[in-house]
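This note sets out points for a colleague to follow alongside the model. Please keep the sequence and the structure open while reading.

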Amino acid sequence: MDWQQYFPTYHFDENKNRDIALEEYKFCCKVVENEERIFDNLIKYILAFGTILISILTGANKASEEIFSKIIENPKNMWYAVAILIFLLFVFMTKNFAERQKSIVFAKRKIIVLRGMLGIDYGTQEFLFKKGMLEGAKMPFSIKLNFHYLYWIISILCFVALFIIIILSKLSLAYALTISSLAFIILNYLYINCILDLNETFSLVILKLCFSILGIKFIDNFEHILYRARLSTYESKRKKINLNNLKKILVAIEDRNFYQHKGIDWKATGRALLSIGRKIPFVNKLSYIQKIPFSGGSTITQQLFRTLFIENMDKKILRRKLAEICLSRYWLNKILSKEEQLEIYLNAVRFDRQVFGIMQAMKHFYGKTFTEPSIARSFFLIERVSVTSGTMLPKVIDIIARLEKEGFLNKNDIKEIITIYTKVYQARKIKVEFKNENILEKLCKRYK
């Protein structure tokens with residue numbers, strides 16, 4: 001049977017623990033239904049804010065009189081204290097609002113998981129969630145944490161309140177606008193940080209926004225993609241596939257400084273930029289430029305980001321490369337360890353047309369999966385990464401010669417590589433991009 005993407009399919013037995021799951025399901029549903037209370041809470045916060053403010057300003061109770069008895073002679077000090085108190089109140093409101101929003105989203109995700117475990121599926125009927133959230137959805141991360149429009153009420157109210165207080169303190173209009181705007185920005189920054197998802201960072205939010213404005217199209221849901229990518233690595237572990245040889249060859253071929261850099265190899269990037277100069281008139285006549293081989297310069301981290309998160313590979317090459325560099329360096333390399341990057345890379349990248357992941361690749365080229373792929377089998381598969389059917393023989397031979405010199409391959413490995421290429425070529429799984437050349441003869445000429 002053809003390998004398929006593995007997803008957890010555990011179900012509760014009808015006579016064991018099902019009642020516990022049902023109670024958990026009911027509880028999560030109640031949490032979701034309580035979303036309407038956000039509106040009520042917001043009104044309560046506003047009323048509480050108004051009551052506290054009026055109480056402080058009018059000195060209607062003994063507590064407020066005691067607090068300001070010592071500073072009442074200097075009205076400005078009183079207004080500063082009121083402004084600070086009001087701002088702290090809005091900070092509390094912001095954190096409370098964000099935490100409640102997160103609890104609702106996580107409860108919805110849990111409902112999806114529990115529904116699958118209980119064997120409940122309503123197809124595509126909108127039964128519980130609001131419009132756009134299908135009850136029959138299979139993926140919990142299809143429900144995202146986004147900026148809630150209601151929060152604008154809190155941040156704008158804070159701006160207005162601080163502006164009025166500062167004006168009443170008889171400070172300048174420019175000063176009032178500056179302080180109020182700064183408070184508005186701080187509150188929104190705090191709110192965004194509070195609603196970040198499991199793998200989100202503030203730098204990711206800002207960089208995605210900037211590059212989206214520049215026309216770079218990203219996959220809509222980063223969290224969902226990472227969820228699926230991690231599931232694919234769990235599948236290879238479940239199948240007990242040993243990835244050590246594949247990781248070793250991947251690093252040797254694609255990114256020799258992988259363990260040293262932080263997502264970007266600046267030397268390789270520099271070589272790539274210089275190699276582009278070979279295509280520029282006048283510049284390509286320089287002897288130094290002519291000696292530089294064509295090079296992509298992308299690290300494994302960049303390739304992984306490009307594969308998983310960039311929606312289309314259009315002609316915006318420079319902007320896309322810049323997006324890869326920034327998001328690989330300041331986000332992906334921080335949330336995934338080096339080993340996680342390699343595992344996800346091997347289980348997610350394309351090895352041929354419609355062939356994604358190492359297990360599909362082994363099934364496609366070898367007819368079966370190997371739990372312990374050899375160095376030679378690993379070399380062939382890694383060389384196929386992002387190649388579409390064709391085989392550039394000079395490139396293959398150069399890579400073999402380099403890895404032999406560096407000690408990654410021995411004569412027996414090379415003989416096995418020749419055999420693998422021959423069998424796969426004869427099975428018409430790959431083709432040679434040079435007419436009248438036999439792949440076996442070409443490789444054997446150098447490695448007899």
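1. Lys 247 is buried at 12% relative accessibility, where buried means under 20% relative accessible area, exposed over 50% and partly exposed in between, for a 1.4 Å probe and protein chains only. The model is predicted: local features need pLDDT of at least 70 and side-chain atom pairs count only at pLDDT 80 or more, whereas totals for chains, interfaces and linings use all residues. Residues are numbered from 1 along each chain as its sequence is written, and side-chain values use heavy atoms, with hydrogens and water left out.

2. Which residues meet Lys 247 in salt bridges? The side chain of Glu 339 does so at 2.9 Å, N to O; a salt bridge here is a side-chain nitrogen of Lys or Arg within 4 Å of a carboxyl oxygen of Asp or Glu. That pair links helix α14, which holds Glu 339, to helix α9, which holds Lys 247, across 92 residues. Helices are DSSP runs (H or I, at least four residues), as strands are (E, at least two), numbered from the N terminus. Glu 339 is partly exposed, its relative accessible area being 34%. Glu 343 also forms a salt bridge with Lys 247, at 3.4 Å, N to O. Because Lys 247 lies in helix α9 and Glu 343 in helix α14, this pair ties together parts that are 96 residues apart in sequence. Glu 343 is buried, at 16% relative accessibility.

3. Another salt bridge joins Glu 383 to Arg 384, with 3.3 Å between the closest N and O atoms. Both partners are covered: Glu 383 is buried with a relative accessible area of 6%, and Arg 384 is buried at 0%. Elsewhere, salt bridges that share partners connect Lys 237, Lys 247, Glu 339 and Glu 343 into one network. The count of salt bridges comes to twelve.

4. The aromatic residues deserve a separate look. A search of the whole structure finds 23 aromatic pairs; rings of Phe, Tyr and Trp (its six-membered ring) pair if their centres lie within 6.5 Å, and planes under 30 degrees apart count as stacked, over 60 as edge-to-face and the rest as tilted. Phe 159 belongs to helix α5 (residues 151-168) and Phe 184 to helix α6 (residues 173-194), 25 residues apart. Phe 159 is partly exposed at 24% relative accessible area, and Phe 184 is partly exposed at 22%.

5. Phe 218 and Phe 305 also form an edge-to-face pair, with 6.2 Å between centres and 70° between planes. Phe 218 sits in the loop between α7 (202-213) and α8 (222-238), while Phe 305 is in helix α12 (residues 300-309), 87 residues apart. Phe 218 is buried at 8% relative accessibility, and Phe 305 is buried at 0%.

6. Helix α12 is mostly covered, with nine of its ten residues buried. Among the buried residues are Ile 300, Leu 304, Phe 305, Arg 306 and Phe 309. The cover over the buried residues of α12 includes α8, α9 (244-254), α13 (317-335) and α14 (338-348).

7. Phe 159 and Phe 184 are also members of one aromatic cluster, together with Phe 97, Phe 147, Tyr 151, Trp 152, Phe 163 and Tyr 191. Ser 180 is buried, with a relative accessible area of 0%, and its side chain reaches the backbone oxygen of Ala 176 at 2.8 Å.

8. Two charged residues lie over aromatic faces: Lys 338 over Phe 258, at 4.4 Å from the ring centre, and Arg 377 over Phe 370, at 3.9 Å. The rule requires NZ of Lys or CZ of Arg within 6 Å of the ring centre and within 35 degrees of the ring normal.

9. How confident is the prediction, and where does pLDDT stay under 50? The protein chain averages a pLDDT of 75, and 66% of the residues score at least 70; pLDDT is the predictor's confidence in each residue, from 0 to 100. Residues 1-12 stay under 50, with 27 contacts beyond four places in sequence. Residues 131-136 likewise stay under 50, with 20 such contacts.

Key:
Contact means heavy atoms within 4.5 Å. A polar contact is a pair of N or O atoms within 3.5 Å; within protein, one must be able to donate a hydrogen and the other to accept it, and residues adjacent in sequence count only if both atoms are side-chain atoms.
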